[in-house]
Amino acid sequence: MTTELSAATFKLADAAALSPAQQQLEHQLLNFIQQHLTTPTTGLFVIQGDAGTGKSAVLAAAFTKLQALSRQAAANPLQHTDNYLVVNHNEMLKIYKRLAGDDPDLRKKDFQKPTPLINRLAKSDHKADVVFVDEAHLLLTQPDRYNRFDQQNQLHEIIKHSRVVVLVFDPHQVLKLKSYWQADQLAPFLAHYPHEIFNLDEQFRVTGNAEVVNWIDGFTHGKLLAKPHSPQFDFQIFDDGQPLYDLIRRRDAKSQLSRVVATADFPYVVNHGTWYVTAGSLKLPWDKVNLTDDPWALRPETLNEVGSIYTIQGFDLNYAGVILGPSVGYDPKTNHVIVRPDRYEDQEAFKNRDDLGELAPLKAQIIFNSINVLMKRGRYGLYLYACDPVLRQHLLAL
């Protein structure tokens with residue numbers, strides 16, 4: 001396993017790298033699986049936590065241990081169980097499959113996207129023993145022809161075809177209306193099944209002190225707090241995108257895994273086949289469709305692109321340069337950060353749903369969620385540029 005690869009995400013099956021809270025979670029999770037494999041009703045184990053709290057790391061370690069026990073020659077309660085890890089995120093799936101090649105207890109077929117697994121289990125009328133779901137907030141909660149999902153809810157379908165389901169869920173990382181759960185929906189849903197909930201609250205990715213995380217959390221709730229100061233975390237605000245990009249390039253040359261990312265705010269204007277992000281004097285192309293087996297953040301050429309929530313969610317960067325596009329502004333009258341859904345260019349995120357009531361606040365929440373995802377990518381540094389001049393002025397005044 002390369003240094004870049006392990007730094008970009010997490011080490012599969014590296015139980016020694018887990019914190020005490022994560023080790024407790026892994027132990028509790030494996031006990032839950034053993035207790036509910038033979039019960040008549042599917043058991044649900046829910047892992048909750050903010051971006052960067054190590055949810056995927058502990059999920060991967062626990063899944064690796066489960067597969068080792070399943071494939072162990074010596075008899076044990078989990079021997080010969082049929083288990084899968086599901087993730088509805090192409091770039092994360094590439095990481096899992098790539099890392100599977102380095103571990104004798106894992107197979108690439110252990111890792112699936114939800115719709116193909118659901119359809120295969122339904123067609124064979126077979127129940128999986130345990131299905132782990134990473135980034136469960138990305139599962140569909142309505143039919144989606146593009147993804148060839150004809151049923152109503154992917155989580156419902158996974159539960160229907162599994163004996164135990166383990167899911168990582170963070171409502172602050174829902175990025176599309178078609179994946180949206182109302183805040184009061186999850187508890188009644190879980191009440192139908194035997195379940196446990198485990199909350200992870202220790203920040204592992206962002207190495208800055210609590211001031212840094214509190215500042216990001218404040219921003220995504222509309223508040224501009226005083227600029228945080230943390231000796232081990234480089235937090236800078238820029239008045240132009242070009243010097244931000246120049247610093248990211250220097251950071252990448254020295255520390256690797258440094259990239260520019262942006263909110264989905266730049267209109268589709270094709271220039272010689274390329275779609276550009278502009279930030280002051282900076283002009284770079286958006287991330288292109290990635291048909292390789294290598295995740296976006298691990299490809300050297302993507303230093304010359306701008307990443308999106310869809311290529312960077314779930315990954316660690318060492319340094320993240322975040323461009324806040326025109327949908328993110330500031331209202332001097334209320335002294336609040338505001339978002340403008342009409343200027344958000346990811347229209348797929350706002351695909352209409354008639355079951356959610358008033359959509360305006362939900363659309364605003366999705367934009368703030370995307371900002372939360374982007375700002376919590378960098379382990380050692382966050383660099384910000386705001387396209388909106390009023391927001392940029394107030395950020396620089398900090």
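Colleague: How many of the 11 residues of helix α4 are buried?

Modeller: A residue counts as buried under 20% relative accessible area, as exposed over 50% and as partly exposed in between, using a 1.4 Å probe and protein chains only. In helix α4 (residues 90–100), eight of the 11 residues are buried, so by this definition the helix is mostly covered. Among the buried residues are Glu91, Met92, Lys94 and Tyr96. This is a predicted model, in which local features need pLDDT of at least 70 and side-chain atom pairs count only at pLDDT 80 or more, while totals for chains, interfaces and linings use all residues. Residues are numbered from 1 along each chain as its sequence is written, and side-chain values use heavy atoms, with hydrogens and water left out.

Colleague: Is Glu26 buried or exposed?

Modeller: Glu26, which is found in helix α2 (residues 20–36), is buried, with a relative accessible area of 6%.

Colleague: At what angle do α8 and α11 pack?

Modeller: Two packed helices are described by the angle between their axes and the distance between the axes. Helix α8 (residues 210–219) and helix α11 (residues 360–375) pack at about 160°, with axes 9 Å apart, which makes α8 roughly antiparallel to α11 (an angle over 145 degrees). The contact (heavy atoms within 4.5 Å) involves residues including Trp215 and Phe219 of α8 and Phe368 and Met375 of α11.

Definitions and conventions. Axes are lines fitted to C-alpha atoms, for helices over the stretch in contact, and angles run from 0 to 180 degrees between N-to-C directions. Helices (H or I, at least four residues) and strands (E, at least two) are DSSP runs, numbered from the N terminus. Angles under 35 degrees count as roughly parallel, over 145 as roughly antiparallel, 65 to 115 as roughly perpendicular and the rest as oblique.
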